[in-house]
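I opened this entry to keep track of what I looked up, starting with the ligand and ending with the backbone.

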Amino acid sequence: VLKDYVNGFPKESDMLINDSATINLKLQEGSNVVLVKNLYLSCDPYMRGRMSKSQGSYVDSYTPGSVGILGMPGMTAYAGFYEICAPKKGEYVFVSAASGAVGQFAKLSGCYVVGSAGTKEKVDLLKNKFGYDETFNYKEEQDLEATLKRDGIDIYFENVGGKMLEVVLANMRLNGRISACGMISQYNLEQGDGVRNLFHIITKSVRMQGFMVTDYFHMYPKYMEMIMPLIKQGEICYIEDVAEGLASAPAALVGLFSGRNVGKQVVVVTRE
Ligand code: NDP
């Protein structure tokens with residue numbers, strides 16, 4: 001449970017375990033209400049926006065003391081990549097904070113995919129498990145602009161914003177597309193960084209589009225139809241970072257903002 005609204009970087013002590021928190025449901029016959037037992041919790045970066053009173057985030061703020069529910073990362077990757085980027089075989093794709101599912105969609109589309117992450121372990125996973133064509137650790141690059149130069153970028157799946165977005169803009173190809181999914185580098189700032197290089201959007205006819213996964217929930221059946229066979233055939237793999245017990249939830253959530261998680265962060269509430 002969130003104690004109070006947060007300024008800057010969130011801390012474990014911003015949250016507390018409250019055994020007595022209950023949701024008031026009217027479980028009466030014919031009330032169309034079901035009661036579920038919560039086995040797993042999801043930790044997602046968007047929750048940071050909800051921990052501020054008003055941050056111009058893409059979701060409403062939490063009410064301190066109240067209980068929160070579910071996120072939808074795979075569907076986000078699907079909608080953000082296919083619907084916004086309209087990928088074509090052979091295009092050059094760059095994904096930041098790439099240890100999610102997006103780059104795999106890019107590989108399935110026959111694109112050349114470059115991904116960045118913040119640790120050696122994640123970079124190795126991108127290359128060896130997820131099949132990225134090229135990878136780099138953005139924290140170790142002295143000259144990010146030169147690192148991203150290569151052959152230019154047709155599609156950028158934007159997860160971090162800030163400096164990374166600036167250098168990507170300078171390296172976009174003509175008629176490129178940017179899917180603005182998230183900007184995690186900005187979530188703990190009182191005021192966002194100014195972004196340079198926006199003029200490239202004009203000169204290279206780049207289309208940059210933000211989106212909210214909630215606007216694409218109607219596509220969920222189509223997404224499931226595509227993703228389920230791919231998972232069963234091993235064409236899509238996923239990594240979960242599993243924190244044990246409800247008491248580990250605050251640390252798991254805070255860890256997203258320093259990159260402590262490797263893969264999708266979940267919390268096991270109970271295995272029974
Ligand atoms: P991840 O599991 O990728 O966890 C976040 C990762 O971001 C960290 O592990 C860390 O990896 C990286 N990171 C943290 N701080 C920074 C920073 N300052 N600069 C660069 N990278 C940083 O998260 P998700 O896959 O769940 O989410 C990815 C993005 O998608 C987020 O921005 C999120 O807000 C957005 N999102 C948007 C939705 C929408 O509807 N538009 C819905 C769901 C998510 P590393 O070690 O590589 O630094």
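Predicted model: local features only at pLDDT ≥ 70, side-chain atom pairs only at ≥ 80, totals over all residues.

**Ligand site.** Domain 1 (1-71 + 239-272) and domain 2 (73-231) each give residues to the shell around the ligand, so the ligand lies between them. I listed 28 residues around the ligand, and G118, G182, S185, V213 and G259 come nearest. The elements that give two or more residues to this shell are α2 (73-85) and β9 (264-268). By residue type, I noted 14 nonpolar, 11 polar and 3 charged residues in the shell.

**Whole chain.** I then turned to the protein chain, which has 9 helices and 9 strands. I compared its radius of gyration, 19 Å, with the globule rule, which gives 19 Å for 272 residues; the two are close, so the chain is as compact as a globular protein of that length. Along the principal axes, the C-alpha atoms fill a box of roughly 60 × 45 × 35 Å. I found that 31% of the 272 residues count as buried. For contacts with a separation of 6 or more, I noted that 56% join residues 24 or more positions apart.

**Helix α2.** I went back to α2 as one of the elements that give residues to the ligand shell. I counted 13 residues in α2 and a reach of 17 Å from its first C-alpha to its last, close to the 18 Å expected at 1.5 Å a residue. Which residues of α2 are buried? I wrote down G74, T76, A77, Y78, A79, G80, F81, I84 and C85. After α2 comes A86, and its phi is positive, near 40°.

**Positive phi.** I kept a general point in mind here: most residues other than glycine have a negative phi. A97 is not a glycine, yet I found a positive phi of about 45° for it. I located A97 in the loop between β2 (92-95) and α3 (102-108). Is A97 buried or exposed? A97 has 25 C-beta neighbours inside 10 Å, so it counts as buried, the cut-off being 20 or more.

N197 was my next entry: it is not a glycine either, and its phi is positive at about 75°. I placed N197 in the loop between β6 (172-180) and α7 (200-203). N197 has 15 other C-beta atoms within 10 Å, so I recorded it as partly exposed.

Terms used:
Residues numbered from 1 in each chain as written. Near = placed C-beta within 6 Å. Helix = DSSP H or I, 4+ residues; strand = E, 2+ residues; numbered from the N terminus. Nonpolar A, V, L, I, M, F, W, Y, C, P; charged D, E, K, R; others polar. Domains from an automatic or database assignment. Rg over C-alpha atoms; globule rule 2.2 N^0.38 Å. Buried ≥ 20, exposed ≤ 12 C-beta atoms within 10 Å, placed from the backbone. Contact = placed C-beta atoms within 7 Å. Expected span 1.5 Å × (residues − 1).
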